[in-house]
Amino acid sequence: MGVINVSVDDEVEKKFRELVEKKYGKIRGALGVAVTEAMKLWIKKVESEEK
């Protein structure tokens, strides 16, 4: 499992955390699950744009 440290705009982080909690609750690891999901969607989008 990889570890990535990133800086994100405060408002984006706040909204993302709110939506993660709304979808998954306060379960441990929810933020990582949501970030992984977001990254997969971004990868899919970029790959489809390359075609």
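Biologist: Where is Met 39 found?

Modeller: Met 39 is found in helix 2; helices are DSSP runs of H or I with at least four residues, strands are E runs of at least two, and both are numbered from the N terminus. Bear in mind that this is a predicted model, where local features need pLDDT of at least 70, side-chain atom pairs count only at pLDDT 80 or more, and totals for chains, interfaces and linings use all residues. Residues are numbered from 1 along each chain as its sequence is written, and side-chain values use heavy atoms, with hydrogens and water left out.

Biologist: Thanks! How many helices and strands are there in the protein?

Modeller: The protein has 2 helices and 0 strands.

Biologist: Back to Met 39: why does it count as partly exposed?

Modeller: Because its relative accessibility is 40%, and partly exposed lies between buried, under 20% relative accessible area, and exposed, over 50% (1.4 Å probe, protein chains only).

Biologist: And which residues make the nonpolar surface patch?

Modeller: Ile 4, Val 6, Val 8, Val 12, Leu 31, Val 35, Met 39, Trp 42 and Ile 43 make that patch, at about 830 Å². Patches take residues with over 30% relative accessible area and no salt bridge, joining like charges within 9 Å and nonpolar side chains (Val, Leu, Ile, Met, Phe, Trp, Tyr) within 5 Å. The areas come from the Shrake-Rupley method with a 1.4 Å probe, and for residues only the protein chains shown count as cover. Helix 2 (residues 30–50) gives the largest share, 5 residues.

Biologist: New topic: how many salt bridges does a search of the whole structure find?

Modeller: It finds 4, counting a side-chain nitrogen of Lys or Arg within 4 Å of a carboxyl oxygen of Asp or Glu. One of them joins Arg 17 to Glu 13 at 2.8 Å, N to O.

Biologist: How far apart are Arg 17 and Glu 13 in helix 1?

Modeller: They are 4 residues apart, so about one helical turn separates them. Lys 45 and Glu 49 also form a salt bridge, with their closest N and O atoms 2.7 Å apart. That pair is likewise 4 residues apart, in helix 2, which means about one helical turn.

Biologist: Which salt bridge links distant parts of the chain?

Modeller: Glu 37 and Lys 23, whose side chains meet at 3.7 Å, N to O. Glu 37 sits in helix 2 and Lys 23 in helix 1, 14 residues apart. Glu 37 is partly exposed at 34% relative accessibility, while Lys 23 is exposed at 56%.
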